[in-house]
Amino acid sequence: MAIKYKGLRHKINYFKRSRNIFHVFAKYGFGHFLEKLNIESYLENGQKIFFRKKKNEREPKSIKIKKGPVRFRLALEELGPTFIKLGQILSTRSDLLPIEYIEELKKLQDKVAPVDYEEIKKVIESNLEKTVEELFLTIDEICVGSASIAQAHRAVLKNGQEVILKVKKPNIDELIELDIEIMYSLARLLKARVERFAMYDLVGLVTEFSKSMRKEVDFTREGKNNDVTRNYFAKETFFSVPKIYWEYTASGILTQEMIHGIKLSDLEVNSLSSKRRENLAKLGSKIMLKMILTDGFFHADQHPGNIILTPEDHLILIDYGNVGTINDEDQEYLAEIIEGIVLKDAQKIVHGFKQLAPFPSSVNEKLLKSDILDIVENYYNVSIKNIKMGKVIEEITSLLAEHRIIVPANFFSLAKSLMIAEGVCRQLYPDFDMVEAAKPYIKKLLLKRYRPEKFIKNIEKTLVHYAEFFENAPKEASEILKLIKQGKLGLDMKINGLDRFRRTLDRVANRISISLVIAALIIGSSMLIEKNAAGNLTSTAYLGLSGYIIACFFGILIVFHIFRKDKY
């Protein structure tokens, strides 16, 4: 499996980074797993030099932490932005990883040392094509926050407007592209060599991940996501979205209005009155439920560090690099699933998921309903207000994976967002009832399904399908008849086990062929030796003896392979 590269320098960087990745995983105790992948077998001879130990080089010192999930999280954090982001996505994929890994990956930290201001200044000036002095009245050289992809600085525009600058760190795009390329190679290896991942389209997952990652490092796209949400909530007074200053925004820099307030992650919740905490929890749930069940466009990373509480008790969400979408039909199916969870109705839950992700014919629906019922029964003695919707949905999606059902990737993002938002609400007010908060939205969606206009729309859609069918049927039938007349119509049939039968037949045919050759050698050799009945060892006799030896060799070989379970 040779890999094509853009140039020699890129090739060298690729293998240096690969080597670094494998060494980090080895350091955190995953060397045995990498050995199973047999990476060197996929490399050309010239490429293997990058993975050989250098002279006097020591093996990476193993980290002495017993728990695998903790070591995995630390390895991802050390590898930087692409792997941190991958870990955050994997924390939503209970179908791919065991639950203990899922829980640990939720703790991923994306806080790294800031880059020197002079480097950040160069990024600002190259993106906006003006000097910092021309652009801003003042800019704070000390950053107010630093993550792996970007860091934030306070600034003041020429008109006196206070803003926050989110500036991409130097060379981050090149590192991400390199990591994505390596991930494609790892995806192919995992699918080929690890049975657990054989059913998944891992290359397709990396493709989706790469799209998401590239969107997240393009700050103009984040600005557009910000403005879409701002439009959806334009008439709301309890929630607002920061204004983006587009003339100071580019792919590597995002400029938004300064928000004065406190992040929920820094808030002393116990210092607030019980009533105020309850009101804030209701506001938080209202924001998330409106995004998912009404707008179909939601913030996919609503952790407390991305929520600001203003002095007026308004909530403001920041950082729209990671958003999700859900269409009208899927909103209805999600509502059906949530209703099924509340009513503890496995049939309703299965039906909702079946519409979201068509089940393979091999799925045993009776067994699936029974397994879902086992999950739901855990909440029979729990009051409705204490049911954690996000957690239950995560458990069910994990169960679907055990039944070989592939749920759409955007649903995992949605479930994670719902779970995080629900967790924030309960952190603010432990007695908060998310189910009660969701009821008006669920009721509205379920009623929407039976509205006359929806019924008429479905009839219209069905009639259009039938009209297209009858319009195209004569033409398609004519094409089939034409192929039959030309003798070009073939039947593509697959019979299970046919390949194995063909291989067995090939082995039998090979054995018969060699047996005939042996028989011919024995007969020919016997005739040659018979001509030398006088006992003189002539060249003819030697030729006959040679024939016997060759026949004997092939005969022993066949017997040997028969006893070796038909490996010939």
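Mentor: Helices (H or I, at least four residues) and strands (E, at least two) are DSSP runs, numbered from the N terminus. This is a predicted model: local features need pLDDT of at least 70, side-chain atom pairs count only at pLDDT 80 or more, and totals for chains, interfaces and linings use all residues. Residues are numbered from 1 along each chain as its sequence is written, and side-chain values use heavy atoms, without hydrogens and water.

Trainee: How many helices and strands does the protein chain have?

Mentor: Apply the DSSP runs to the protein chain. The count is 20 helices and 11 strands.

Trainee: In which element of the protein chain is confidence highest?

Mentor: Confidence here is pLDDT, the predictor's own score for each residue, from 0 to 100. The protein chain averages 80, and 83% of the residues score at least 70. Helix H2 (residues 31–37) has the lowest mean, 69. The highest, at 96, belongs to strand S6 (residues 253–257).

Trainee: How many contacts beyond near neighbours in sequence does the stretch 42–51 have?

Mentor: A contact means heavy atoms within 4.5 Å. Residues 1–5 have pLDDT below 50 and 12 contacts beyond near neighbours in sequence. Residues 42–51 are also below 50. Counted that way, their contacts number 23.

Trainee: What share of the 568 residues in the protein chain is buried?

Mentor: Buried means under 20% relative accessible area, exposed over 50%, and partly exposed in between (1.4 Å probe, protein chains only). Among the 568 residues of the protein chain, the buried share is 43%.

Trainee: Is lysine 344 buried or exposed?

Mentor: Lysine 344 sits in the loop between helix H12 (328–343) and helix H13 (346–356). Its phi is positive, about 55°, although it is not a glycine. Its relative accessible area is 15%, so lysine 344 is buried.

Trainee: What is the phi of arginine 404?

Mentor: Arginine 404 is in the loop between H15 and H16. At 48% relative accessibility, it counts as partly exposed. Arginine 404 is not a glycine, yet its phi is positive, at about 65°.

Trainee: How are H15 and H16 oriented to each other?

Mentor: Axes are lines fitted to C-alpha atoms, for helices over the stretch in contact, with angles from 0 to 180 degrees between N-to-C directions. The axes of H15 and helix H16 (residues 409–428) come within 7 Å and cross at roughly 150°. Under 35 degrees counts as roughly parallel, over 145 as roughly antiparallel, 65 to 115 as roughly perpendicular and the rest as oblique. That makes the pair roughly antiparallel.

Trainee: Which residues in H16 meet H15?

Mentor: From H15 come Met389, Gly390, Lys391, Ile393, Glu394 and Thr397. In H16 they meet Phe411, Phe412, Ala415, Leu418, Met419 and Glu422.

Trainee: Which residues does lysine 388 touch, not counting those up to four places away in sequence?

Mentor: Lysine 388 lies in the loop between helix H14 (365–377) and helix H15 (389–402). At 45% relative accessibility, it counts as partly exposed. Lysine 388 is 8.3 Å from valine 435, C-alpha to C-alpha, though they are 47 residues apart in sequence. The residues lysine 388 touches are Glu422 and Arg426.

Trainee: Which residues is serine 210 in contact with, leaving aside neighbours within four places in sequence?

Mentor: Serine 210 is in helix H9 (residues 202–216). At 2% relative accessibility, it counts as buried. Its contacts are Ile180 and Tyr184.
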